[in-house]
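Visitor: I have a structure to go through before I set anything up. Can you walk me through it?

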Amino acid sequence: ALRRTHDELMNGSEASGGACAEVRYDLRDALVEAARGALRGVEEVALWDFPAHGNRGDSAIWSGEVALLRRLNVSVRTDLVCSSFVPVAAAPACDGWLEDEGQRLRRAFPPSSKRALVLHGGGNVGPEYPPYEEFRKNVVETFGRDYRIVLMPQTVTYADEMASSLNFWRAAANATLLGRDALSAKLLHVHACGGGVFCRAALAPDAAFALTSVAPSPSEREVLWLARGDAERAQTVDRAAMAAAAADVSIRWDDLQPGEGPGDVEAFCSDEGHCVLDDLRGEPHLLAAHRVGEAFASLGHSAAVVTDRLHGVILALLAGRSVAALDVRNRKVSRFVDTWLRDAPRSCAAVYASPAEALGAALALVG
């Protein structure tokens with residue numbers, strides 16, 4: 001079942017029509033072209049920084065990266081996959097590849113013009129997530145002189161006065177950094193690459209747009225509300241007030257995070273001792289596909305989505321749902337929408353100032 005889900009995400013037939021189909025196709029094409037430019041001539045990669053934590057949006061990025069590389073006929077060395085933060089059996093700690101000046105990697109994956117180190121994308125280039133930035137800095141210091149390095153689409157959350165923290169990229173001899181919104185690409189170009197002197201920065205949408213949706217078809221007068229509960233959340237939602245405002249339209253709540261219990265793919269599962277997919281050693285892509293399948297399943301048959309999760313927006317668009325979005329503290333939702341969906345109909349996706357406004361828009365879409 002896991003392999004079938006993985007194959008459907010990678011190779012499933014693209015659903016025709018649905019809400020904003022042309023928007024989805026345009027974003028996928030923009031992603032493919034940006035990645036093709038970054039990986040021109042590359043045949044084989046080490047894809048690093050596997051998201052072994054519980055956030056299903058990050059798993060969607062990983063599966064999207066695998067699908068994207070497959071589209072480009074680039075092979076991923078699964079024996080080299082590693083996690084920088086929460087290692088599990090399917091993705092051991094990256095530290096082992098960085099020890100002893102990277103000699104173990106140099107033996108297993110010697111530098112070549114046809115090879116590259118590809119670093120997982122997401123929204124963690126900034127001061128909120130220092131372990132990830134420290135990992136990338138260590139990769140550049142250890143391998144930047146003789147390996148091509150590609151950073152998959154990322155949101156950069158450094159303020160201008162702190163963006164000099166990106167300067168470590170200037171030690172890389174051949175790096176391409178993809179920003180998933182216009183401001184991120186600009187910050188990477190100016191601060192990481194010194195205006196293009198030291199490396200190349202480019203704009204690309206989130207890697208999850210390489211995926212094929214495995215969500216059920218929308219068929220119910222229901223609004224799905226995907227709500228953050230972490231430090232990035234900008235507004236608190238009064239669920240009782242929203243339910244009253246929705247009247248006869250039901251609201252279903254979720255957060256794109258796994259639940260608790262031995263049947264779940266847990267965050268920190270190897271530490272807790274009951275990771276149910278720890279036996280997938282050497283097959284990390286199946287672990288990610290499991291989480292992405294669960295994320296798509298959470299959409300159910302809802303006709304519209306309200307969310308302050310960027311991957312709530314992205315997965316809903318992939319599944320043909322209309323989205324009423326709310327921003328977060330670091331503005332990564334509005335920055336993405338402003339960059340890629342500015343000219344799309346507001347019925348595809350738009351950012352609203354308050355939960356009440358977002359719900360009103362979703363109810364109008366449900367009818």
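Visitor: What kind of model is it, and how are residues numbered?
Guide: It is a predicted model, in which local features need pLDDT of at least 70 and side-chain atom pairs count only at pLDDT 80 or more, while totals for chains, interfaces and linings use all residues. Residues are numbered from 1 along each chain as its sequence is written, and side-chain values use heavy atoms, with hydrogens and water left out.

Visitor: How many helices and strands in the protein chain?
Guide: The chain has 13 helices and 12 strands. Helices (H or I, at least four residues) and strands (E, at least two) are DSSP runs, numbered from the N terminus.

Visitor: What share of the residues is buried?
Guide: Of the 367 residues, 57% are buried. Buried means under 20% relative accessible area, exposed over 50%, and partly exposed in between, with a 1.4 Å probe and protein chains only.

Visitor: And contacts between residues at least 24 apart, what percentage?
Guide: Among contacts between residues at least 6 apart in sequence, 76% join residues at least 24 apart. Contact means heavy atoms within 4.5 Å.

Visitor: Which residues have the most contacts inside the largest nonpolar core?
Guide: Leu 39, Val 45, Leu 211 and Phe 296, in a core of 64 residues. A nonpolar core is a set of buried Ala, Val, Leu, Ile, Met, Phe, Trp, Tyr and Cys residues joined through side-chain atoms within 4.5 Å.

Visitor: Which helix gives the most to this core?
Guide: Helix 11, residues 310–318, with seven residues. Nine of its nine residues are buried, including Leu 310, His 311 and Gly 312. After helix 11 comes Gly 320, with a positive phi near 75°.

Visitor: Back to Val 45. What does it touch?
Guide: Not counting residues up to four places away in sequence, Val 45 touches Leu 39, Leu 69, Val 74, Ser 75, Val 76, Arg 77, Phe 109, Ala 116 and Val 118. There is also a second, separate core of 34 residues, with Cys 82, Leu 98, Ala 163 and Ala 172 among them.

Visitor: Pockets next. What volume does the largest pocket have?
Guide: About 620 Å³. On a 1 Å grid over the protein atoms alone, a pocket is an open set of points where a 1.4 Å probe fits, with protein on both sides within 12 Å along at least five of seven lines; lining residues have an atom within 4 Å of a point. Grid points are joined across faces, edges and corners, and the volume is the space filled by probe spheres set on the points.

Visitor: How does the lining of the largest pocket split by class?
Guide: It has 13 nonpolar, 12 polar and eight charged residues. Here Ala, Val, Leu, Ile, Met, Phe, Trp, Tyr, Cys and Pro count as nonpolar, Asp, Glu, Lys and Arg as charged, and the others, Gly among them, as polar.

Visitor: Single residues now. Is Ser 302 buried or exposed?
Guide: Ser 302 is buried, with a relative accessible area of 0%, and lies in strand 10, residues 302–307.

Visitor: Which side chains does Ser 302 make polar contacts with?
Guide: The side chain of Glu 222, at 2.4 Å, and that of Arg 252, at 3.2 Å. A polar contact is a pair of N or O atoms within 3.5 Å; within protein, one must be able to donate a hydrogen and the other to accept it, and residues adjacent in sequence count only if both atoms are side-chain atoms.

Visitor: What about Thr 155, buried or exposed?
Guide: Thr 155 is buried, with a relative accessible area of 0%. This residue is in strand 5, residues 148–156, and a polar contact of 2.6 Å joins its side chain to that of Arg 180.

Visitor: Where is Asp 49?
Guide: Asp 49 sits in the loop between strand 1 (44–48) and helix 3. Its phi is positive, about 80°, although it is not a glycine. Asp 49 is buried, at 4% relative accessible area.

Visitor: And Glu 101, buried or exposed?
Guide: Glu 101 is exposed, with a relative accessible area of 62%. It lies in the loop between helix 4 (95–98) and helix 5 (103–108), and has a positive phi of about 55°.
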